[in-house]
Each structure stands twice: as C-alpha cells, then as structure tokens.
Amino acid sequence: MKGYSLKVLVAAVALGGSSTALAAGPYIGLNYTQFQLESDDTDNKLKPEGITLRGGIEFNDFIGLEARGAMGVRSDERSNIKYDLDHLYGGYLKLSVPLAEHVRPYVVGGYTEARGKVTLDTSIGSASRETDTVSDESYGAGIDFQLTDTFGMNVEYMRYLDKSDYELNGISVGFRSAF
C-alpha cells in the first residue's frame, strides 16, 4: 500500500504542475526557421528559409499541445536544383521538464503536412514540379527560455518529414508570448 500511495503522490505532483518557468496556459510564438531538404537523388542539401507561427496551450509544466503553420520566405538553389517551401502545418504533443526557474527543455512529436516546389535546370531547359502535399510523423527537441513572466524565446531542431528518399528538417529560433 505504501508504494501505491507514493505513485499517486508523484502522479498528482506531475499532473498538477508547479509555478516555475513559463506558466501553464495558452501562448503564441513566431520563429525563423532554416529548413534543410536532403534527398537521395543529390548530394546537395537545400536550405530554404521560412517563418513559423506557433500556437498552443500548456496544461502544466510537463504537457502541452501545439499547432504550427509555416511558409517559405526564401528558396535555396544548389548546382542545378532549386527548392521553394510553399507551406507546412501540423499538430504536436509537447513534453517538457523544468530544469531551472527560467529554462525548460522539451521534446515534441506529432504530424506534419508540407508542400513545396522543385525546379531542375538542365542543358536542354528547365523543369519545374509542384510537389504533392506530403505528410509524415514528426519529432524534435528544443529549449524554452523565460525572459519575463509572459515573454520567452526558444531554440529547436525538428524532423518534419522522413520519407524513404528525402528528409525535411528545421532548426529554428524564435519568441513566444503567453496570454
């Protein structure tokens, strides 16, 4: 019975949350993202840039849900291949652990859909192909830093798509505001 009581106490504390970094509740954020498209078809790693809008709710210091939408703002071209990210969106579960009063690392996992455009220039001309909307399970990790009671910043790495012949990853830095 003693072991059962300890488990209930630990669960209550974990689910009840605490008042450390970045209080529970809704938030909105904006990130600059350096995407990286790696394909088996080429040795080139294309790195388009984008802006990611994030919105979510943290139920306590440990569990939250987040929705994201991103759009490309600058394409990348290497050798004879050009990639433009049109848009990306998804929903994610966010699991955090407060390490200090103002620092909270997290892991995130969920589902992403993305669409882009690939252009290939050859000696006989140019071929452009709008990619299909593709989707995949996504995961990543990052760190939230609390700057004030309602304002913070974060850095993050995400694997948005992991298909058999290509991957779409992103490294981002941004700000968030609780309300």
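Reply: Side chains of opposite charge can pair when their charged atoms come close. A salt bridge here is a side-chain nitrogen of Lys or Arg within 4 Å of a carboxyl oxygen of Asp or Glu. By this rule the count comes to 12 salt bridges. This is a predicted model, where local features need pLDDT of at least 70, side-chain atom pairs count only at pLDDT 80 or more, and totals for chains, interfaces and linings use all residues. Residues are numbered from 1 along each chain as its sequence is written, and side-chain values use heavy atoms, with hydrogens and water left out.

Me: Which residue forms a salt bridge with Glu49?
Reply: That's Arg74, with the closest N and O atoms 2.8 Å apart. Glu49 sits in strand S3 and Arg74 in strand S4, 25 residues apart. (Strands are DSSP runs of E, at least two residues, numbered from the N terminus.)

Me: Is Glu49 buried or exposed?
Reply: Buried means under 20% relative accessible area, exposed over 50%, and partly exposed in between (1.4 Å probe, protein chains only). Glu49 is at 16%, so it counts as buried, while Arg74, at 45%, is partly exposed.

Me: What about Glu156 and Arg68?
Reply: Their side chains meet in a salt bridge at 2.7 Å, N to O. Glu156 is in strand S10 and Arg68 in strand S4, so the pair ties together parts 88 residues apart in sequence. Glu156 is buried at 5%, and Arg68 is buried at 4%.

Me: Which residues are linked in a network of salt bridges?
Reply: Glu58, Asp61, Lys94, Arg104, Asp144 and Arg176.

Technical notes
Helix = DSSP H or I, 4+ residues; strand = E, 2+ residues; numbered from the N terminus.
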